[in-house]
Amino acid sequence: MNCATCQQQGPADAHFCPYCGERYTDEEAYEVRRVVSVVFCDLVGSTALSEQLDPEPLRSLVGSYYQRMRHTLEHYGGTVEKFIGDAVVGLFGVPRLHEDDALRAVQAAVAMRHEVELLDHELSEQLNVRLQVRIGVNTGEVMASGYGDNVRVTGEMVNIAARFQQAAEPGQVVIGLSTRALVGGAVLLEPLPALQLAGKSRPVDAWIVSHINPDASGIERHMNAPLTGRMAELRFLYDTFEHMQFSQSPKMVTIYGEPGIGKSRLVHEFLAVVSELAGERAQLYITRCSPLNQETWQSPLLGVLTELAGKNGDTEPELQAAVAALATHSHQTADDVLWVARKLFATAAAQHSVIIFIDDIHWAKPLLLDVVRRLGNSLREVPVMLLCVSRLDILDHYPTWSGGNLNAASILVAPLAREATEQIVRNQFATSFNATVDDAIVYSVSERSGGNPLYIEQLVGAVNDGADPVTLPPTIRALIETRLQWLDLHETALLQWVAVCGMESTAEWLEILLDQPNAQPTLDRLMDRQLLESIERSYRFRNIQIREVTYESIPKRTRAQMHQRIAELLIQQQDDTAAEAISRHLEYALSYYHELGIHEKAQPLHAVVASTLTEAAQLATTHGDLRATSNLLRRALKFAPETDPTRIRILTQLGATLVAMTQLDEARATYEEAMAAALRHANCTALAHARLGLIQLPSLDATAEEILHTAAAAESVFTAVSDAEGLMKTHTLQGHVHQSRGQYLDAVNAFKQAGIHAYHGVDELQHAQTVGGYTFSLWRGPTPVPQAIEQCESLLASVPASCRLVRVAAMGPLSVLLASRGKMPEAEQLLLDAEHLISEFAHEFARISLSVFTATVKTLARDPTAAEDRLRSACAALERVGGTTYTAAATDLARVLLRLGRTSEATKILFDPTKQHGKELPAEWFGLQARVHLSEGRWKASKRSIQTALRLASATDSPEIQAVAWLDQAYVLRATGREQQARRAATLALAQYQAKAHLIGIRQAEDFIERGEP
């Protein structure tokens, strides 16, 4: 058989493991990460004792000491991990977990000290020795393993507990910061100077335990805070109370809810309302079932019965004797208790209505639960309300609780609604810390609290202490871990798989992961326990805290294996959209393998992670999410080895993405790194890709001839290896050079050639560049507007809706073409659609270009004010980028300003050398300068500028560029009194607009000729 402790295989008939000495057991072995509290108790002066005493009395003394320490630890719910010489190590949190383990540990430590004092008193005179102990208590995360009560824990916090014990003086109990956070509501502490512990680089805070309030909870609650979001529940309780009074019939009400949800706070408010409205007409008796200190099963009820008997002077002697017997004889039966309770309740209710509030009844022993239930069934015609507060756990052990009783009612206290949650967060900061808080923190705390008031209190306290809002306070973790420990193996496994998947999963997927045909019954039980909730076809955690605690409880090695299994199953499904999820799970697996030193499992995953991250980046680009694209590619680079040639491709893709996001400095560094890597690997194809990306950057200030030379060299490389993507890039780059020279027909042909090499899965950014360049050239070139519109619309119809970047690239130029035909509503709607598509993009160039296209449409619609707003935002974004793109936008802005009569502002743009980006200025720039010169009376300068504008325009094949230059000349000529020549220039402009079938331009030229309008 295999040993549950060391996993070694031993002889089949052995009772003990020959390797580690542990007893073989049939109990299920476990391994879990958990927050526990460790009690480290050491006997002071044990060496001197061994010198003073004979071995026989010494053995008896130590045996008695061990026995008392074990009994004390177990009484408070702990277990002995080991005895080391005269030291005792106690654990709270494994194998059995309690939400108040830290408080139990401190209570046990104080009780252990008291037991040693008693033992010292007994033996001091008999053996002439003194006994004292030093005790340290610490709380933190450990790795726990074992079976049954045989537990072993490892972790730094165990060593710190030992150091606290060493730092304590004889008779002292010393605790640390994490324990203090969990017991502060019940323990009086004295601070110690910060301790410099061996192995710790920084001093550690510690406190001495001075006093424990046995009736207090370790977690301080704010019962006086205003009740928020519970008016319906409060009305239900008071209506039930009024009905009880009116009908003179008993009521048994159970308030269910998860820990911290506000059950007791609701009752506190209800009792206050009853006290105010009913006054002396209602008697109140309160008791609480505690997980500790229940000496007998009837103890919680006994106090109420004794109080009832004492208050009522008319209590029969026989009944008084029966109450006394319950208090002094533990052998009383359930029927005895039930008879006494019925009699006393009936006697009291004859005078006033009675409310018996039993808090935390889920801690009651089974016999008491049975008595309370029978009591609720058997009371007749007496106004008694049995008000019980319970967690849902009670239904696991007592599923018929309150069922079948006609007098019974119940209510589930659900998580608070968002508005109420946010209000409580603000109230907590204001009342507890006299502080206001940012909306972002309010939202974060509200979201993480899941509408649980206790979680809100703890999160607010943590934030006020300087913690991040996403921090999981130890109090919340303890509460949730306690709930999770009651799950069976199937429920635990399923919940852990959901946690590893994320916040939610589907039943079908969980069945695959669990290799279990029907997970639905298990999912239903987890929903009944308020751990999961159903959202459409998925099941998700009710709040993020439950997910975090579930996930943190899984050993890191197991987490790594689970993440890897999910990734492998996703790969098998061959779902193109799963790349990001695959890479995320593999990244987690890699992280844990490296952290645990399991490098042999991590190494083969690096290339897979880099590949899937790159695939995910391509999908993100298709959706237009360039922020995600850049993040995914950066993550991919972390996993792609320096020796892996695919790293160069990732760098090139990242460079293109950064250009689109206008992060040009980083783009240049990325392209240069790609070139260096390509040279090291002697990879000519990769080098050509990197050079094509780099040569386009404005900071290189490359000439058209240099760009074309680089493109030609790359084309030969790509042709030799049939690299379709590379050829697409090359022809696109050639098209852009033709555009910059004003040769739009050549540009259209180059972009068409690039489109031939487009294929399924082509890089979305590159495809968008090609389509954008093609449609832009159709707009600016000699293709008549109707044919250009037809070609743009045909292209747009062929682009899938999922390719948002490509669609936006075509929609901008198409909107201007439509506007030039006077179709303003269609153009504006197309722009609105494009803006909607890029609302979540990080593609800054696309956003800026769309602003320029919108301004052009607004100008054609004779709305220069709206055009100015768009152009100013575009220029502000492009100024740091520079290049011809900025110059084009600045030219448009200057023309709009002239049209608005703000010549001085236009002059600042046109004659400021810092605004003149690029080696060559466009024809329109000089046409505008000519008009400004003219307004300032500089006739010769105006003539030189307009001649330059006409020369540059005539070198292009763009009818619109030529038409604008002729109109600018016509304006100058008319202003200088040469009307006939002005009309001739305007007629030439009209001819160009007619050739282009540009209706708005035709009207402008005709207006100038006929009415003298500029």
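Here are some notes on this predicted model, point by point.

1. Ground rules. This is a predicted model, in which local features need pLDDT of at least 70, side-chain atom pairs count only at pLDDT 80 or more, and totals for chains, interfaces and linings use all residues. Residues are numbered from 1 along each chain as its sequence is written, and side-chain values use heavy atoms, with hydrogens and water left out.

2. Overall shape. The protein has 44 helices and 16 strands; these are DSSP runs numbered from the N terminus (helices are H or I, at least four residues; strands are E, at least two). Its C-alpha trace spans about 130 × 75 × 60 Å along the principal axes. The radius of gyration is 41 Å, whereas a compact globule of 1014 residues would come in near 31 Å (taken over C-alpha atoms; the globule rule is 2.2 Å times the number of residues to the power 0.38).

3. Of the 1014 residues, 53% count as buried (under 20% relative accessible area; exposed is over 50%, partly exposed in between, with a 1.4 Å probe and protein chains only). Take the contacts (heavy atoms within 4.5 Å) between residues at least 6 apart in sequence: 68% of them join residues at least 24 apart.

4. Strand 9 (residues 251–256) and strand 12 (residues 384–390) share six bridges, and Met252 stands opposite Leu386 in strand 12.

5. Four bridges join strand 15 to strand 16 (residues 538–541), with Ile535 opposite Ser538.

6. The core. The largest nonpolar core has 121 residues, and Leu494, Leu495, Leu523, Leu532 and Ile566 have the most contacts inside it. Such a core is a set of buried Ala, Val, Leu, Ile, Met, Phe, Trp, Tyr and Cys residues joined through side-chain atoms within 4.5 Å. Leaving aside residues up to four places away in sequence, Leu495 touches Leu484, Leu487, Leu526, Leu531, Leu532, Phe541 and Thr550.

7. Cysteines. A search of the whole structure turns up zero disulfides (a pair of cysteine sulfur atoms within 2.5 Å). For Cys792, the nearest cysteine sulfur is that of Cys803, 17 Å away. Cys792 is buried at 0% relative accessible area, and Cys501 counts as buried at 14%.

8. The Val94 to Pro95 peptide bond is cis, with omega near -10°; Pro95 is in the loop between strand 3 and helix 3. Gln530 is not a glycine but has a positive phi of about 65°; this residue lies in the loop between helix 19 and strand 15 and is buried at 13% relative accessibility. Ala997 also has a positive phi, about 60°, in the loop between helix 43 and helix 44, and is buried at 16%.

Key
Pairing = 2+ DSSP bridges.
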